[in-house]
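The structure is shown first.

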Amino acid sequence: MMCRIYKLLFRLVPVKGVQARIIRNHFQVCPSCTKEMETVEYVNDETAIKEVIFSPAQFENLDSMVPGVEEKIRQMRKAGAKTLKQPVLFPVLRWAMAGAAAAVIIILGLTFFPGSDSGPVTDTQMKPIEQDVFVHYIKTRNNYARTFIVKEKKAKRTFIWFEKHKT
Amino acid sequence: MDDERLIISECLEGNAGRFDVLIIRYQSAIFALGMNILGDPDEAMDVCQDTFAQAYINLHRFDMERKFKNWLLGIAVKRSLDRIRKKKSFLAFFDRYAREGKTSDHFKTHGIEESVVFRQFLKQLNPRERTALSLKMNEGYTAKEIAEVLRCSENTAYVHLFKAKQKIKKAYTAAGKMENTEVKP
């Protein structure tokens with residue numbers, strides 16, 4: 001059962017790190033999976049695989065490529081050869097930078113998002129502001145409620161909310 | 001490796017002829033890699049010459065702390081994969097010869113006898129898997145060294161190798177343990 005799950009995971013999860021872990025921790029260790037790999041008896045024998053691919057030894061007698069390379073260099077210089085592109089950073093660092101950039105964008109978004117204001121201002125935090133709105137009283141369930149009026153500095157908006165008194 | 005650094009230093013000082021030593025030293029390895037990725041001797045030859053030409057032009061950018069062969073193989077892999085991406089004729093080439101069943105003149109010129117086994121099995125792999133397998137089998141590279149050439153993570157290189165072997169296993173099973181046979185014209 002576990003073998004099937006691992007095989008399914010290996011097929012479905014495209015992340016190479018996960019696949020490598022599955023290979024190391026299961027496929028190469030589980031007796032039934034290793035036996036399956038050995039069905040064709042010499043698949044694991046690297047000699048057999050070498051029959052499938054070309055090896056440098058087959059081409060020891062090739063003519064020297066020096067004249068061809070010299071010609072290529074002439075052509076490339078004539079065409080204004082471009083220098084090799086080097087990767088800026090190793091893949092892991094690039095991912096880390098992308099993650100950091102995403103985190104900064106999220107934080108900035110949360111900071112400037114209109115709904116991100118921190119909750120009601122308590123009595124001790126409230127500072128005197130110019131008010132063009134006055135609330136005499138508000139009652140909730142026949143009890144006087146704590147009333148707060150906050151006016152945004154830049155925007156012309158006034159917030160009024162109330163809470164029932166804590167008993 | 002020290003003599004390579006000496007040769008490269010001499011090239012950079014203006015003794016261009018010394019680069020020939022490196023070409024002759026590594027041409028068979030680069031050509032074999034090109035054949036494993038591209039499957040066509042003419043394409044492989046072109047890529048091989050391109051690789052050495054690029055290496056020569058950019059020799060001033062080579063990091064002496066690295067192995068020159070790794071750097072060369074990295075250039076060859078990139079050129080080969082770019083070529084496949086542009087041409088997408090690899091499978092078409094093999095399919096054509098599978099149908100006609102004859103060895104191309106190019107193969108004969110280079111003394112290379114194509115085998116049915118090669119055509120059938122290697123084309124099951126994608127270019128990166130062929131690259132990883134070629135580097136593993138011919139150069140004895142570890143997953144880490146393959147990752148350096150392929151410019152990917154070690155885990156990715158490891159998975160490429162595993163999948164390559166798995167696909168060859170399937171092809172072997174389907175072929176019923178086929179022996180090497182030479183294609184006759």
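Arg66(B) is partly exposed, with a relative accessible area of 27%; buried means under 20%, exposed over 50% and partly exposed in between, with a 1.4 Å probe and protein chains only. The model is predicted: local features need pLDDT of at least 70, side-chain atom pairs count only at pLDDT 80 or more, and totals for chains, interfaces and linings use all residues. Residues are numbered from 1 along each chain as its sequence is written, chains are lettered from A and ligands numbered from 1 in the order in which they are written, and side-chain values use heavy atoms, leaving out hydrogens and water.

The side chain of Arg66(B) forms a salt bridge with that of Glu148(B), at 3.4 Å from N to O; the term stands for a side-chain nitrogen of Lys or Arg within 4 Å of a carboxyl oxygen of Asp or Glu. Arg66(B) sits in the loop between α3 (41–57) and α4 (68–87) of chain B, and Glu148(B) in helix α9 (residues 143–150), so the pair ties together parts that are 82 residues apart in sequence. Helices (H or I, at least four residues) and strands (E, at least two) are DSSP runs numbered from the N terminus. Glu148(B) is partly exposed as well, at 37% relative accessible area.

## Salt bridges within helices

In helix α4 of chain B, Arg85(B) and Asp82(B) are three residues apart, about one helical turn. Their side chains meet in a salt bridge of 2.8 Å, N to O. Arg85(B) is exposed at 51% relative accessibility, whereas Asp82(B) is partly exposed at 22%. Salt bridges with shared partners also join Lys72(A), Glu43(B), Asp46(B), Asp50(B), Arg79(B) and Arg83(B) into one network.

Over all chains, the structure holds 16 salt bridges.

## Make-up of chain A

Chain A contains six helices and three strands, in the sequence order α-α-α-α-α-α-β-β-β. Of its 167 residues, 20% are buried.

Among contacts (heavy atoms within 4.5 Å) in chain A with a separation of 6 or more, 23% link residues 24 or more positions apart. The accessible surface of chain A is about 13,500 Å², 60% of it belonging to carbon and sulfur atoms; the areas come from the Shrake-Rupley method with a 1.4 Å probe, and for residues only the protein chains shown count as cover.
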